[in-house]
There are 2 protein chains.
Amino acid sequence: MTVRMLVDGRPGDTVSAQDRGLSYGDGLFETVSVIGGRAPLWSRHMARLAEGGRRLAIPLPDAEVLASEVLAVAAGMAAAVVRITVTRGVGPRGYAPPVASMPTRIVAAFPAPDLHLASEGVRLRVCDLRLAEQPALAGLKHLNRLEQVLARAEWADPSIHDGLLLDVAGRVTCTTMANVFAVIDGALVTPLLARCGVAGVARAEVLATIRTAQVRDLVLDELLRADELFLTSSVRGILPVQAVGDKVFAPGPVARAMQRHWRGLGFPLELA
Amino acid sequence: MTVRMLVDGRPGDTVSAQDRGLSYGDGLFETVSVIGGRAPLWSRHMARLAEGGRRLAIPLPDAEVLASEVLAVAAGMAAAVVRITVTRGVGPRGYAPPVASMPTRIVAAFPAPDLHLASEGVRLRVCDLRLAEQPALAGLKHLNRLEQVLARAEWADPSIHDGLLLDVAGRVTCTTMANVFAVIDGALVTPLLARCGVAGVARAEVLATIRTAQVRDLVLDELLRADELFLTSSVRGILPVQAVGDKVFAPGPVARAMQRHWRGLGFPLELA
């Protein structure tokens with residue numbers, strides 16, 4: 001039998017009802033794209049997880065153990081999305097982290113989403129919910145994701161792929177499930193994520209590839225004047241933005257160049 | 001065998017590793033004090049849970065079902081703390097809530113904490129972490145509690161009972177596990193919780209009892225000039241504050257009156 005989920009290294013699909021991941025959202029996750037037994041952005045996933053573990057003081061499993069478990073659950077799948085969840089583990093009732101925590105790790109494979117959106121581009125809306133500013137958690141892919149759940153619940157129209165999230169001051173941060181890049185006056189810009197938002201591994205790959213890209217505050221009006229707009233996601237790669245509400249964009253040369261780069265990393269052709 | 005935990009009404013201690021409570025902190029909880037088979041603040045717990053279910057669009061179990069499960073897990077315990085957790089249940093990967101969600105409910109009994117603190121009062125610190133402002137979640141006892149985990153991890157000194165939490169603007173909000181009341185110029189004041197913080201059921205009981213109490217913004221300097229300071233908690237009742245950092249307070253008449261009220265509700269003598 002093919003096992004698609006491992007809990008602490010063993011086949012299983014349950015966790016303790018007293019796990020702090022459930023009690024408090026006390027943990028971290030990664031969603032890793034695995035293509036033909038390879039995870040092209042693996043080292044960036046491990047770097048972000050390590051940063052989260054350091055900032056939340058959650059001891060992390062060995063990256064080699066995680067790598068072997070990711071490949072095990074994705075075995076035989078041409079394209080999989082593997083979610084790695086690491087929580088602070090089971091603990092007594094109360095917020096105080098146990099002195100010696102025994103983290104729980106869950107590694108689960110899912111079918112990869114359809115990637116046809118990469119060529120035609122996607123439509124976005126601007127979410128009503130504003131992200132709260134919490135520098136202590138900004139950038140991390142932690143398990144406290146009610147803001148994203150509420151924002152994603154704002155629309156049901158399947159033609160809208162994702163929603164732009166602004167912070168309380170009206171600055172663009174990210175979407176519910178991706179990061180945002182804009183070409184403005186010839187420069188590639190992506191929002192600073194020092195107050196809120198998730199710092200995606202695909203965003204990190206773009207920033208490492210286009211060294212001149214600017215990381216800075218970006219208000220919605222400026223974003224809507226961009227010559228080109230695209231999303232980055234570990235699961236969906238580079239997605240040109242076709243429209244934000246009524247404002248229409250054409251897929252541009254930077255997104256197309258990044259899609260070629262993605263293909264060079266080993267992601268499937270549909271992405272380019 | 002005495003069952004101390006029910007998951008969806010059945011004895012058990014695990015949940016699906018794909019429960020949205022774990023994946024996203026997508027759920028709510030209550031910690032209910034049960035004394036000799038009675039939960040004195042039950043209707044307030046159910047009111048808050050209903051409010052959370054409404055705001056997060058999570059269908060809730062029937063309150064009578066929850067009541068019978070709470071009494072079942074606390075059976076034979078003179079004083080118990082029963083945690084009720086309700087999540088949006090198992091769902092496919094992704095933030096979008098399932099159209100028809102099947103919530104998960106966990107009802108678990110724990111021994112009540114030692115209540116000797118009620119007479120002598122407790123020492124507090126001021127936490128470094130500032131609470132983020134998120135009106136969409138303010139007041140709710142939801143499962144996204146990383147801020148409380150990080151704040152509680154700031155100290156290990158067992159003589160410090162709890163930490164005051166300020167918001168980003170420096171306003172006092174609550175502590176990591178209780179609400180705060182202050183007597184200032186003869187008036188009882190408790191912070192407004194429109195931007196962040198948990199609106200405790202014990203706080204609601206105090207507000208319903210002392211109708212002249214003010215609910216308003218309160219900065220730390222003003223709080224520290226109070227004549228009297230106390231905490232309210234469903235689990236620990238009314239706790240006079242003895243000190244905040246170096247600033248010393250004496251247990252005052254309002255806290256003592258509220259402790260007598262608590263005893264009248266059916267809570268044990270040690271609380272008064």
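How far apart do the C-alpha centres of domain 1 of chain A and domain 2 of chain A lie? In this predicted model, the two centres lie 24 Å apart.

**View 1. Domain 1 and domain 2 of chain A.** The domain assignment of chain A places domain 1 at 5–111 and domain 2 at 117–271. Contacts between them involve 25 residues of domain 1 of chain A and 26 residues of domain 2 of chain A. Together the two domains bury about 2000 Å², with 65% of it on carbon and sulfur atoms. A:Leu41, A:Arg44 and A:Arg48 supply 32% of the area that domain 1 of chain A buries against domain 2 of chain A, more than any other three residues.

View 2. The interface of domain 1 of chain A and domain 2 of chain A holds one salt bridge by the rule applied. The side chains of A:Arg44 and A:Glu205 form a salt bridge, at 2.7 Å from N to O. On the side of domain 1 of chain A that touches domain 2 of chain A, two or more residues come from each of helix 1 (20–24), strand 4 (27–35), helix 2 (42–56) and strand 5 (79–87) of chain A. That side of domain 1 of chain A has eight nonpolar, nine polar and eight charged residues.

**View 3. The interface of chain B and chain A.** Here 54 residues of chain B are in contact with 53 residues of chain A. The two chains bury about 4200 Å² between them, 68% of it on carbon and sulfur atoms. Of the area that chain B buries against chain A, 20% is supplied by B:Arg93, B:Tyr95 and B:Leu146, more than by any other three residues. Between chain B and chain A there are zero salt bridges, whereas 17 residue pairs are in polar contact with both residues at pLDDT 80 or more.

**View 4. Elements of chain B that face chain A.** The elements that each supply at least two residues of the side of chain B that touches chain A include strand 3 (14–16), strand 6 (104–111), strand 7 (122–131) and helix 5 (146–152) of chain B. Helix 5 of chain B gives the largest share of this side, six residues. By class, the side of chain B that touches chain A has 26 nonpolar, 14 polar and 14 charged residues.

**View 5. Strand 3 of chain A beside strand 3 of chain B.** These strands pair in the antiparallel sense over three bridges. Strand 3 of chain A covers residues 14–16. A:Ser16 stands opposite B:Thr14, which belongs to strand 3 of chain B.

Technical notes. Residues are numbered from 1 along each chain as its sequence is written. Chains are lettered from A and ligands numbered from 1 in the order in which they are written. This is a predicted model: local features need pLDDT of at least 70, side-chain atom pairs count only at pLDDT 80 or more; totals for chains, interfaces and linings use all residues. Side-chain values use heavy atoms; hydrogens and water are left out. Domain bounds come from an automatic or database domain assignment. Contact means heavy atoms within 4.5 Å. Buried area is the accessible area (1.4 Å probe) that two parts lose on being put together, summed over both. A salt bridge is a side-chain nitrogen of Lys or Arg within 4 Å of a carboxyl oxygen of Asp or Glu. Helices (H or I, at least four residues) and strands (E, at least two) are DSSP runs, numbered from the N terminus. Ala, Val, Leu, Ile, Met, Phe, Trp, Tyr, Cys and Pro count as nonpolar, Asp, Glu, Lys and Arg as charged, and the others, Gly among them, as polar. A polar contact is a pair of N or O atoms within 3.5 Å; within protein, one must be able to donate a hydrogen and the other to accept it, and residues adjacent in sequence count only if both atoms are side-chain atoms. Two strands pair if DSSP finds at least two bridges between them.
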